[in-house]
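Thanks for coming. I will take one structure and go through a few of its parts in turn. Please have a look at it first.

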Amino acid sequence: MKIHEYQGKAILAQHGVPVPKGKVAYTPDEAVEAAKGLGFPVVVKAQIHAGGRGKGGGVKLAKRADECAAIARAILGMRLRTHQTGPEGRIVRRLLIEQGVDLAGSKEMYLAILVDRGCRKPVFMASAQGGMEIEEVAARDPQAILREWIDPVVGFRPYQARKLAFGLGLPPATVSKAVPFFSSLFQAFEASDASLVEVNPLLLTKAGELVALDAKVNLDDNALFRHPELLELRDFDEEEPLEVEASQYSLNYIKLEGGSVGCMVNGAGLAMATMDIIKLAGGSPANFLDVGGGASADQIKNAFRILLADRDVRAVLINIFGGILRCDVLAEGVIAAVRDLEVKVPVVVRMKGNNEEKGQQMLRESGLDFATADDRTEAAEKVVAVAGGAR
Ligand code: GDP
Ligand code: MN
């Protein structure tokens, strides 16, 4: 789960990481009020679940109240496009009003902690070349990124923090501040079960202080049950609406780019195999919807509705293994959906397993126009043909 910068900074601050003072604002009036409380200059920062806001015009300095109001009015409601939002951009609904830090004579660096799945350890990354283009640094000069792996049993050790601090070339007086800073950052990462904590830029001020000027925190969905207070930070406005709706019915819906076949499957393994066979047949999936092991006819109907709300879908492939979800229950849900929702796109059904014959018979006798397939290759070829081939 992604959260906003101001929420991430609150978590960091709780663990003792220095962040600028700031306040969230939903309206220009709230923005001005927050700014007056903080004192000018302030930075007005668009809060969206994507980076690159600075370059996209979503981070602005305000020296007076009228300027702050004008900037807040301009940014709130704007469609902010950055290299991370895609061309459609994101509507800005919240602002972070923050004490403006003087960047003169300062240095922007980079810090991140994430899980290195290959090593099965968290890795602490740091680079003296921070600011806005860390992706470019990684591509151009991978040596410029320091890495320190953390043994989850032993934890993050002070010598590792010193190694990173010296590696960044920090002045000696700042090294003693970097050690608690980095340790607090790791503590925040661990305590919140984060999958990523990124500070870019980490600011080294002219006075030799370290400040987290930006914060990106991603939380591990599988650990959220342990953090009800973090679950409340979820912002549904920032998520794909169909994915949110699917999760409300305990369905797993994933939107994919560039395809034309909607896929209804049960189980993640079958989902992957189904996408493979569609590709092999020359097509491309528009999405997949995993109805899980024991879906009801009603859930199947909701699943269909969500699948068809995706305007990229030209044809639907239902590839289900009847285990706990019996094929006749599936057929009942599919027939109800196609009737009630007046489905116009072609539907290809392949089902195997419990009550398969009964399910097939229900589809045949429904009077609706289903194409059925006996094996997966045939199913994929049929659906790709009706979806109009590859896109
Ligand atoms: P991002 O572009 O989405 O990663 O947003 P950031 O929070 O990193 O802000 C982008 C840039 O705005 C930073 O790299 C800074 O150069 C600038 N910026 C952020 N906060 C301040 C501030 O307090 N004062 C000044 N002068 N610039 C700031
Ligand atoms: Mn940033």
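The side chain of Asp328 makes a polar contact with the side chain of Asn355, at 3.1 Å. This is a predicted model, so that distance is a computed one. Asp328 sits in helix H12, which covers residues 327–340. Is Asp328 buried or exposed? Its relative accessible area is 6%, and the limit for buried is under 20%, so Asp328 counts as buried. Leaving out residues up to four places away in sequence, Asp328 touches Asn355, Lys358, Gly359 and Met362.

Next, the metal. The manganese ion, ligand 2, is coordinated by Asn200 through O and by Asp214 through OD, at 2.1 to 2.2 Å. Where do these two residues lie? Asn200 is in strand E10 and Asp214 is in the loop between E11 and E12, so the pair ties together parts that are 14 residues apart in sequence. Both Asn200 and Asp214 are buried.

Now the nonpolar residues. In soluble globular proteins, nonpolar side chains tend to be buried together. Here the largest nonpolar core has 38 residues. Among those with the most contacts inside this core are Leu12, Leu111 and Phe124. Several elements give two or more residues to the core, including helix H1, strand E7, strand E8 and helix H7. Which element gives the most? That is H7, with nine residues. A second, separate core has 34 residues, and Met264, Ala295, Ile300 and Cys327 are included in it.

Take Leu111 as an example from the largest core.

Last, a sheet. Four strands form an open sheet in the order E1-E6-E2-E3, with antiparallel pairing. E1 (22–25) and E3 (59–62) are at the edges and have a single partner strand each, so one side of each has no neighbour in the sheet. On average, neighbouring strands of the sheet are turned by 25° against each other, direction ignored. Strands E2 and E6 pair over six bridges. In that pairing, Val42 has Gln99 in E6 as its bridge partner.

Two helices go with these strands. Helix H2, residues 28–38, packs on the sheet and touches E1, E2 and E6, and its direction makes about 15° with that of E6. Helix H4, residues 65–75, lies across E2, E3 and E6 and runs at about 165° to E3.

That is what I have for today.

Key
Residues are numbered from 1 along each chain as its sequence is written. Chains are lettered from A and ligands numbered from 1 in the order in which they are written. This is a predicted model: local features need pLDDT of at least 70, side-chain atom pairs count only at pLDDT 80 or more; totals for chains, interfaces and linings use all residues. Side-chain values use heavy atoms; hydrogens and water are left out. A nonpolar core is a set of buried Ala, Val, Leu, Ile, Met, Phe, Trp, Tyr and Cys residues joined through side-chain atoms within 4.5 Å. Buried means under 20% relative accessible area, exposed over 50%, partly exposed in between (1.4 Å probe, protein chains only). Two strands pair if DSSP finds at least two bridges between them. Axes are lines fitted to C-alpha atoms, for helices over the stretch in contact, and angles run from 0 to 180 degrees between N-to-C directions. Contact means heavy atoms within 4.5 Å. Donors are N, O and S atoms within 2.8 Å of the metal (3.2 Å for Na, K and Ca); water is not among the atoms, so sites may look incomplete. A polar contact is a pair of N or O atoms within 3.5 Å; within protein, one must be able to donate a hydrogen and the other to accept it, and residues adjacent in sequence count only if both atoms are side-chain atoms.
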